[in-house]
There are 4 protein chains.
Amino acid sequence: MIRRYAPRDLARFFTDESRFAAMLEVELLAVEAMEQLGIAPSGVAERLRAAAPTIDAGFVEEVDAREEITHHDTAAFVDVVQARCETPEASWIHYGLTSSDVVDTALALQVTRALGVLLVDSAALVSALATRARETIDVPVTGRTHGMFAEPTTFGAKFALFCLQAERDRVRLGRARDGIAVGKLSGAVGTYSNIDPAVEAHVCAALGLVPVPATQVLARDRHAEVLYACASTAATIEAIATEVRLLARGDVGEASEHFAIGQKGSSSMPHKRNPVKAERLCGLARVIRGYVIAGLEDVALWHERDISHSSVERVVLPDAIMLTGYVLRQAAALVAGLEIHAETARDTLERRSLGLVYSQSVLLALVSRGLDRDSAYRIVQRAATTAATEQRSFREVLEADEEVALDAGVLDEAFDLERVLAHRHRFIDAIEELG
Amino acid sequence: MIRRYAPRDLARFFTDESRFAAMLEVELLAVEAMEQLGIAPSGVAERLRAAAPTIDAGFVEEVDAREEITHHDTAAFVDVVQARCETPEASWIHYGLTSSDVVDTALALQVTRALGVLLVDSAALVSALATRARETIDVPVTGRTHGMFAEPTTFGAKFALFCLQAERDRVRLGRARDGIAVGKLSGAVGTYSNIDPAVEAHVCAALGLVPVPATQVLARDRHAEVLYACASTAATIEAIATEVRLLARGDVGEASEHFAIGQKGSSSMPHKRNPVKAERLCGLARVIRGYVIAGLEDVALWHERDISHSSVERVVLPDAIMLTGYVLRQAAALVAGLEIHAETARDTLERRSLGLVYSQSVLLALVSRGLDRDSAYRIVQRAATTAATEQRSFREVLEADEEVALDAGVLDEAFDLERVLAHRHRFIDAIEELG
Amino acid sequence: MIRRYAPRDLARFFTDESRFAAMLEVELLAVEAMEQLGIAPSGVAERLRAAAPTIDAGFVEEVDAREEITHHDTAAFVDVVQARCETPEASWIHYGLTSSDVVDTALALQVTRALGVLLVDSAALVSALATRARETIDVPVTGRTHGMFAEPTTFGAKFALFCLQAERDRVRLGRARDGIAVGKLSGAVGTYSNIDPAVEAHVCAALGLVPVPATQVLARDRHAEVLYACASTAATIEAIATEVRLLARGDVGEASEHFAIGQKGSSSMPHKRNPVKAERLCGLARVIRGYVIAGLEDVALWHERDISHSSVERVVLPDAIMLTGYVLRQAAALVAGLEIHAETARDTLERRSLGLVYSQSVLLALVSRGLDRDSAYRIVQRAATTAATEQRSFREVLEADEEVALDAGVLDEAFDLERVLAHRHRFIDAIEELG
Amino acid sequence: MIRRYAPRDLARFFTDESRFAAMLEVELLAVEAMEQLGIAPSGVAERLRAAAPTIDAGFVEEVDAREEITHHDTAAFVDVVQARCETPEASWIHYGLTSSDVVDTALALQVTRALGVLLVDSAALVSALATRARETIDVPVTGRTHGMFAEPTTFGAKFALFCLQAERDRVRLGRARDGIAVGKLSGAVGTYSNIDPAVEAHVCAALGLVPVPATQVLARDRHAEVLYACASTAATIEAIATEVRLLARGDVGEASEHFAIGQKGSSSMPHKRNPVKAERLCGLARVIRGYVIAGLEDVALWHERDISHSSVERVVLPDAIMLTGYVLRQAAALVAGLEIHAETARDTLERRSLGLVYSQSVLLALVSRGLDRDSAYRIVQRAATTAATEQRSFREVLEADEEVALDAGVLDEAFDLERVLAHRHRFIDAIEELG
């Protein structure tokens, strides 16, 4: 992933150094297990751990050079580790293992750890949304469906619903982590042909992974689910960002991204203050979405494995996770810093909407008074059209309409903002229930 | 495809009857060729054409019943055709052919013909857009970038750009049709093992298809390109529909879908007039987009073919083509019927935008007068912020700003709508060049 | 979905009749609730339930005709229901509701019920795989990685791993059902502006749905997850089908699809017996996969909803669910009927593989005897190359190689099939743990 | 893109330095044009070109630092360029331009140039396939459909068909390049509000781009088509790689990837020689495929543009192009180095297939002798089943079958390999026609 969108603390899980370090850890734990089982000589694990090379840029370069000969990166890794140990006991490294025992368990470990970070980020977004929901639950705004004025709602309701959705994504990320927090050291085709299952148990326990039956590799439905959890998370963020973009429009002006001192909205038009952060989030959601397909296509490997998934995962898993971390953090900042223009929102609701947002209330008042629904609908629709066309207050039009004939008290109730928002606390109740 | 979105004249290409009729035509043309080549006895082609069954619902049922036994639909088709001919000469049907010679050539024919219809629909959309472009090229509207007021443009410019883009899609559809207007009758693995290449040449010529080298089947990059051309077409329509939705918003009101007498915008809110047609087009663009992936996944068949593409194409090719026809027609109607609210648009431009849409003109006037760009930018940005915050006319703020110091003539020119739109004829020129 | 791939018992959930019946049920339950709350007059719910129209083809036609006028299908539905009730009390139908209260809750109900069927199908596939795993756990087969002979495994291990994976999909489908088993009757923008929350509680309880906070509609991450669960299920089936296709190859012949009496494998080549069912499953997995993207794109609706998701869901939700049902059943049948050719498999393992499948065992024997790993590797690799090139028994080549120098007992152990398969019971243990 | 899959000569087009250099070139050419038009003072273009900063790592860092303040990367770029010029005349830089005039034209230039490289790579793959086709057109191999033995073909036919398909992709890449080889310098909303169209004409001509009508940005159907051309190219390569993987299987052994001295096929199993290059190509095709969706989602920007496409394109365009270059080159090398095992192939054809590959020839011989097709089919099918079950020669079974009763001369012709391959030159003719 390009530097711009790669949070450092996530990127570090996916460097060559991190990968090799995780692989070395698997190898050393396997020797440890073999020693405990009496397969390897006593003391060898400790001595190899002491002799093991430091995983640094030089080590990576040496493996790269070796791969030029072996054309097999794990074989190259094992060769270099053993050579660097400078002891015949190094032959116990990778004993009875197949490459994937090491690589796939290490990858699962890297992804599990990275998802741990994403879970924190995800919780932070949930939290930011909850905070803004509580803050703004009493701030009215015109609810819009199909982009048209519908009925009043509040900013807090918007935030609360996003909060609940973001929480569902957090749960999805957690499940995906549980699904990938697994390991396998069961040999070339998963039969433990030359390895004691106790080695797998020992290594996985030490790494916090669950040992699972496998072919040469872990099943790829697990990895696909990780990508889906990222894409679902990003889709929710896309929804939040779309809301911001819509509210920020020049024609609306009910919310805006924080605009920094010195910021330029446009290189040519000095008046511009654009919701560029939100737009960026929408774009990146598209990128993350595209990775899901590749993940699903990786599931049907041939027989006990083919390696076609590997090139996909080298690119897509880190990219998806880094981008998801990026969008989670940017989204949390966007939410936290979002400027709510309550007065503009109220102006839309009270003046610009002409009061049409209460049309259902009027319809129901007429139905309650005994009109059949279709007739009532047509009466209210006609009045609404008049109001919209002539840009007059809907209530005035209704008052002047003989067919309507609702008394002032009834109209007062129909047009009562507090009444239509009376249940708004339920949104907050729902987020408080998340605990 | 569900009835709601399946134009009848496109659906008819994909009925079982159409499919079998196309297959029968291929079979009969092949006999004709074999007779001309002296392989089949003289007169057999004419006699078989006379004896050939009518392809109707009864025929389809009989093939279905036969497929229960053969578990092979083309074998079932051939069996039923031969049985219905009621003559031993019927054994010349399918002689030397493999199923795919018939099925794949027939499918290419069906798709080619259906694309012919789409090309007409596509031209109609281009034409509708061109008409509206010419009509509205002088109707100003606030150009918006990032959803924010940017600079003035005209409705005609919007239509013209969509017109040019729709025309590119028409070209893409045409290329896709050229790519799929091919046939093959070269036997089980494409080697003409038991068939004279002249048969292929004859059949294809009669059907207007180009004979091409093949395995058992035509290469699937051709079919994938059809799906992509559909998806690109739908993406352009999504862009048009998104523009309509944005302009139709309650906060904007500069355009609206035609609203019929008796129409209900909402079952509960009588005041609603929603851009539902445009929203539907956006949704269907997503559906069509999803088919592209399946099409690309079909390309890598095994060896001389596996049949995994077949189930995909039974579903996806008709669905994509029918939906594309549907969205093309709906889009053309949407464009033709779109109500442009020129006065509202002018009100936004002149009043609601506060004149900020001329900020670049002011910036350049300052730069022309010798200010360095960054300083000029900051001066104009400050004035723009004042105007926006205090909801004052940008020009008034500038006039009151001592640092600005531009005389009235310069400001007149900067704020001259006619000046900034002086080149709008170029959009029309571009569509006239399409010829 | 085309008839061929639409299981009837799933298709019935998605007919117009089913949809309207579910909507009517929501409407009637809402009246019931309003009566209990004292909003609607006593007895009205029962009288309306008695007066309510039968939902049949005639009803659907009438709604269609009405929609021609209203251009709004729910408004049309409500109009027809009320007219058919032939009582002024019918105005209580849809009282205080918005279309989506009815449509979205009904859709969630339809999908929840359909997923209930898929869960049964999914369990049946898990069960079929478990049965075959137990049956064939002792039947050896050459494990292949990268398509090349690797080490021995058993057919039962293959089935068991697929069983575990199918079970994970069953869990995913169950979670997706839990996510979609929700309802909302909270009005135009989800604020309960004109409806008592108790109505929602009553209706949802009666339908087995959980009431949740919403905008005008339920959040679409729920629907996207349904599509993903289908795609993951299909990807697993693609993996199973790919295994069948690979084992069935003419070059392998270790398994084959059941071939019926009278079946024709090819219309032209009478000798063909093709794995067409497995190929079809691979194709349909592609189709289902494509729907996920559209589902994710539906998540970011505008404000309190736009209706772009609706056209997507009319097509994609039924199609995905029907296809998933189809592939689940076909996969279960494929698995149950799969013919295992144990003798051919053993011939590959013992003769055609030349014994190379034991190369790691020999390598480890050498390392155990003190050779460093890389040297041992090169010795064994050389012997393996000789065996492969000269098509000689790997063991004979080793015995003739002075550098190898392993005595017969050691080689016996290295080449002991029972030894390498000693842990195979673990695969069965894992499926038994599923309970 | 990770280093492993990023060809350097392609990566260089997408560095920050390259991007800024292209942008600077656009800026300087624009000044040149303005000078020629008499807008800018005489001599300014040359002086600014001399004063313009070198685009190096230091420049990039300075822009990055400036972006921290402006939150707008083009504004930051312009600020730094102007500051570094150290002359008041620098204010002519970006005069009348909007960011996208520069950024979008520069991006089109970068992509156009990179596609120029891909076109060379694509031609090299076509050429490699043509060479192998000519070399191996006479080398017979068993054609396989559904993975089962079908009829004989030749390796050359396989290569030739891939060659024709790769050539179609080359044409697609060329069209995509033509589509993206465009520029725009028409200001904030494409109206040339503050810029003479002659500036655009001059800049584009100098860069080899075609000036086109635009909004603030070029229409994104152009960029999407680039991504599709990459994905189609990759899908063809996936098909080639799949063929290699299938032929290389341990059970088949008719082709293999070149295996280098010192190479290790597996870290644990010394006998392994795996088609890992081909598998990698299959994986990367999946990655590239996923980018298409993001590209199509970018098409529907809001109004005169939103910037959501930008983050997508920063990631996806370079990644797709670099990966496509990588897979094109790897595929060409794979094709050129592919080892064909003609003797193994002939053994399959003559011995392992039991002669069943001639079953259609026998069927047609029977039909020619007057049998009805269905009866002939069942007779041949029965004989084929006997041959397969008893592993006997198909011809012997036929000779022993009284119902068959074909004399030796007829059977000789039916089983004549040269006869069934007589038209193989047509594959070569087709590639020669490419010119």
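Biologist: Which residues of chain A do ring pairs link into a cluster?

Modeller: The model is a predicted one. In chain A, ring pairs join three phenylalanines into a cluster. Its members are Phe20(A), Phe59(A) and Phe77(A).

Biologist: How many aromatic pairs are there over all chains, and is the pair of Phe20(B) and Phe59(B) stacked or edge-to-face?

Modeller: Over all chains the count of aromatic pairs comes to 35. The ring centres of Phe20(B) and Phe59(B) lie 5.7 Å apart. Planes over 60 degrees apart count as edge-to-face, and these stand at 75 degrees, so the pair is edge-to-face.

Biologist: Which helices of chain B hold Phe20(B) and Phe59(B)?

Modeller: The pair links distant parts of the chain, with the two residues 39 residues apart. Phe20(B) belongs to helix α2 (residues 16-36), and Phe59(B) to helix α4 (residues 57-70).

Biologist: How are the rings of Phe59(B) and Phe77(B) arranged, stacked or edge-to-face?

Modeller: Phe59(B) in helix α4 and Phe77(B) in helix α5 (residues 73-85) are 18 residues apart. Their ring centres are separated by 6.0 Å and their planes stand at 80 degrees, so the arrangement is edge-to-face.

Biologist: Is Phe77(B) buried or exposed?

Modeller: Buried means under 20% relative accessible area. Phe77(B) has 1% relative accessibility and therefore counts as buried.

Biologist: Over the face of which residue does Arg426(B) lie?

Modeller: Arg426(B) is 4.8 Å from the ring centre concerned. That ring belongs to chain D, in residue Tyr192(D).

Note on methods: Residues numbered from 1 in each chain as written. Chains lettered and ligands numbered in written order. Predicted model: local features only at pLDDT ≥ 70, side-chain atom pairs only at ≥ 80, totals over all residues. Heavy atoms only, no water. Phe/Tyr/Trp six-rings, centres within 6.5 Å; stacked < 30°, edge-to-face > 60°. Helix = DSSP H or I, 4+ residues; strand = E, 2+ residues; numbered from the N terminus. Buried < 20%, exposed > 50% of the residue type's maximum accessible area, 1.4 Å probe, protein only. Lys NZ or Arg CZ within 6 Å of the ring centre and 35° of its normal.
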